[in-house]
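Look at the sequence and the model together before reading on. The paragraphs below go through strands, then loops, then charged pairs.

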Amino acid sequence: MTAPAILKHIVGHTAILTLNNPPANTWTADSLQVLKHTVLELNQNKEVYALVITGQGDKFFSAGADLNLFADGDKDNAASMAKHFGEAFEALSAFRGVSIAAINGYAMGGGLEVALACDLRIAETQAQLALPEASVGLLPCAGGTQNLTALVGEGWAKRMILCGERIDAAKAEKIGLVEEVVEEGKALDAAVALAAKVGKQSPSSVSVCKTLIQAGRTMPRSQALPLERELFVGLFDTEDQAEGVNAFLQKRAPNWKNC
């Protein structure tokens, strides 16, 4: 039997997704659809508050798309793959909880773009990150041009995309591409530990806070501030709001319902 392209297991309130296409954990149309449907399923599981994505093995997080897919110059195939990449990574970006990339090796092209679609990124010291598509006549079409720029600004986005600059984990942390660097072999543990902190937060609050933070990328401040107040009031329709406040006043741990 063929092993699943993405391995999934749940620990507490965290779903761990492991990219499993050796040797380089490259993306295929099938694995992108698996990612999309897995995230949509997790959105419906009220017991899951966070997800962590990592790569199988100790060398690659993900090397992105297999370039053999584009060697024949077929535009229909290119359009299909671009659609699959977009749908999968946009579903990941819209995940209602917190998503964390545990970058345990090379994150290249679509491998970096899936990490960019996550809320947070933790990289191991040996990790190398790049968007080298222009060096082979392509471009990062799975959110790379937009998400990288949002994180690191135009200057570093242009260095990485237009100049093809590859950076190591230390540089990635310095420019804000990753939030933390850990020792080799420790990214998954660090990501799971961070995800466990999410479990202490109200999942209802986390969902709307994430919506507001990401709205800042495209929404004028004059619209975002009224929306912030509107969503604050909306939390009073949830059971988690009453539970959180009363648990604090009663000096006990809250029992979240995610509703």
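What is the strand order of the open sheet of 4 strands? The order is β4-β6-β8-β9, and the pairing is mixed. Strands here are DSSP runs of E with at least two residues, helices are runs of H or I with at least four, and both are numbered from the N terminus. Two strands count as paired if DSSP finds at least two bridges between them. At the edges of this sheet are β4 (60-62) and β9 (167-168), each of which pairs on one side only.

This is a predicted model, in which local features need pLDDT of at least 70 and side-chain atom pairs count only at pLDDT 80 or more, while totals for chains, interfaces and linings use all residues. Residues are numbered from 1 along each chain as its sequence is written, and side-chain values use heavy atoms, with hydrogens and water left out.

Within the sheet, β6 (residues 106-108) and β8 (residues 128-130) run parallel and are joined by 2 bridges.

In β7, 4 of the 5 residues are buried, where buried means under 20% relative accessible area, exposed means over 50%, and partly exposed lies in between (1.4 Å probe, protein chains only).

Next come the loops. E133 sits in the loop between β8 and α4 (144-161). Is E133 buried or exposed? E133 is buried, because its relative accessible area is 11%. Contact means heavy atoms within 4.5 Å; leaving aside neighbours within four places in sequence, E133 is in contact with G109, G110, E113, L138, L139 and P140. Of these, L138 lies in the loop between β8 and α4 and is partly exposed, at 36% relative accessibility.

T238 is found in the loop between α8 (221-234) and α9 (239-249). T238 counts as buried because its relative accessibility is 18%. The side chain of T238 reaches the backbone oxygen of L235 at 2.6 Å. A polar atom of that T238 side chain also lies 3.2 Å from the backbone nitrogen of Q241. Beyond neighbours within four places in sequence, T238 is in contact with S204 and C259.

The last topic is charge. Side chains of opposite charge can pair when their charged atoms come close. A salt bridge is a side-chain nitrogen of Lys or Arg within 4 Å of a carboxyl oxygen of Asp or Glu, and by this rule the count comes to 8. One of them joins K36 and E87, with the closest N and O atoms 3.2 Å apart. K36 lies in helix α1 (residues 29-44) and E87 in helix α2 (residues 75-93), so the pair ties together parts that are 51 residues apart in sequence.

Another salt bridge, between K158 and E154, has its closest N and O atoms 2.9 Å apart. Both residues lie in helix α4, 4 residues apart, about one turn of the helix. K158 is partly exposed at 42% relative accessibility, whereas E154 is exposed at 53%.

Technical notes
Polar contact = N/O pair within 3.5 Å; in protein donor to acceptor, adjacent residues only side chain to side chain.
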